[in-house]
Amino acid sequence: MRCYSHGYSLLAGAHHRSFSSAITSKYPHTLEILSEQYSTDEITNVTPAILSKIPLRIHTQTGHPLSTLRSIIESHYPDFSHISSFSPLVTPFKNFDELSFPKDHPGRSVTDSYYINKELMLRTHTSAHEVEVFSKGEDKWLLTADVYRRDEIDGSHYPVFHQMEGARLYNADASGMEEVKEDNERLSRHLETSNIVIQDIPHISPTNPVQQTHDPVHSELIAKNLKLSLNSLLLRLFGGSKSEEPLRVRWIEAYFPFTSPSFEVEVFFRGKWLEILGCGVVRQSTLDTSNVQGKIGWAFGLGLERIAMILYSIPDIRLFWSTDKRFLSQFKAGEIKMFKPYSKYPSCFKDVSFWNPQGSVPLHDNDFCDLVREIAGDLVEDVKVIDSFVHPKTNRSSSCYRINYRSMDRSLSNEEVNELQKSVITRLTDVFRVEIR
Ligand code: FA5
Ligand code: MG
């Protein structure tokens, strides 16, 4: 399955009609979210499982690992404003247009994002608040929030997760650049003590260009400041590791509509490179929209769960939502401690194969994942596509998915899993009109 990001997507430019609209008839005329009523319409696709997460705000619950991680990062940037109270309901304009997302960006589609109605959606990233915060005249800020994306189901992807946005602006003149240089020298000295292995790349390259309105010397200094600042954060977070292998971190080139040059950082974790953040030099158009003049700066957006999984050795992203005492009682505010898995319960795999309705686009993976989550919630560990093909004679398309049912807290009985699977099949045929094979 694909991994959607706010930069490139393998599906860039593609339009995906969603089956979500097929379930609108199931929606009441209004939905209550954080004590307010919102009307639904033909694009409403937010599910009850998702809505139930909105009031939880686990990134602010004292003692929760995400809250501790937030505080540690905030303490690393003591002179920045720390914001964590913004509502997740935003207009598509704020989430995408204000940040120069092209009109056909796949992130806008109902298969990738959750919509309350045509005018309102759940933010898909914390960057949605950049213009709002810059407009207030803030030059140094961190903003932590829950973000929502229709995504695949597996150990490191969850449809609700937490990001922290950080940004810093400098005056785009000689005195501002002096300040950047001084900061770069301070950070470089600090990083000499680093015990983590950092693979770097050039700050600027032909494929990762300076913006036309920027002085290349300024842009270079800012990109360097961004990298040094984040490397120093990574040293703060991972530098104390007692494991024998030094932590490996690499910088790679990236693309985001609202930064240039742009980068991503990956950390080598459990035998794989895991992406933990995206960042870059802020597009001048974002600052223009915010009525900020004569400044240049950087922004980053990091995934709190991904970093917490590494720091606390938490093996599955679903655990962050656990209310089990065996999970929550292991953590204390301000303290990073290895998580001790209390038990690993057995998996139960179930396959389902079906023919998509004649003459229609195949069911989207994200529609399938949301359907499974609606029925089985966090009892699903992951969902994989194991086969899909088009019949050469009838032209009908067929899909086969494998669902891995596994609870983090207990053993599931055969009967229970069979019941869940039966409901998945009923919902598939009732709502999406597929024909089970
Ligand atoms: C963004 O969301 C950009 N807004 C980041 C950014 C901010 C770029 C400011 C430039 C300037 P991306 O889609 O790559 O980018 O997500 C950022 C991070 O969120 C990822 O690196 C990852 O750590 C985390 N993340 C993304 N999707 C998921 C998911 N489904 N589950 C958990 N974490 C995720
Ligand atoms: Mg990314």
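A polar contact is a pair of N or O atoms within 3.5 Å; within protein, one atom must be able to donate a hydrogen and the other to accept it, and residues adjacent in sequence count only if both atoms are side-chain atoms. This is a predicted model, where local features need pLDDT of at least 70, side-chain atom pairs count only at pLDDT 80 or more, and totals for chains, interfaces and linings use all residues. Residues are numbered from 1 along each chain as its sequence is written, and side-chain values use heavy atoms, leaving out hydrogens and water.

**Exercise 1. Describe the surroundings of ligand 1.**

Step 1. Find the shell. Ligand 1 is surrounded by 28 residues (a heavy atom within 4 Å). The closest are His6, His125, Ser127, Arg149 and Glu275.

Step 2. Check the oxygen atoms of the ligand. One lies 2.6 Å from a side-chain N or O atom of Glu275. His6 places a backbone N or O atom 2.8 Å from an oxygen atom of ligand 1. For a backbone N or O atom of Leu277, the distance is 3.2 Å.

Step 3. Check the cover. Ligand 1 alone exposes 670 Å², and the protein buries 99% of that (Shrake-Rupley method, 1.4 Å probe).

Step 4. Assign strands (DSSP E runs of at least two residues; helices are H or I runs of at least four). β8 (160–171), β11, β12 and β13 (295–303) each supply at least two shell residues. β12 gives the most, with 5.

**Exercise 2. Which protein donors does the magnesium ion (ligand 2) have?**

Step 1. List the donors (N, O and S atoms within 2.8 Å of the metal, or 3.2 Å for Na, K and Ca). They are Glu264 (OE) and Glu275 (OE), lying 2.3 Å from the ion. Water is not among the atoms, so sites may look incomplete.

Step 2. Glu264 sits in β11 (residues 259–269) and Glu275 in β12 (residues 272–282), 11 residues apart.

Step 3. Compare accessibility (buried under 20% relative accessible area, exposed over 50%, partly exposed in between; 1.4 Å probe, protein chains only). Glu264 counts as buried because its value is 11%. Glu275 is partly exposed, at 29%.

Terms used: Chains lettered and ligands numbered in written order.
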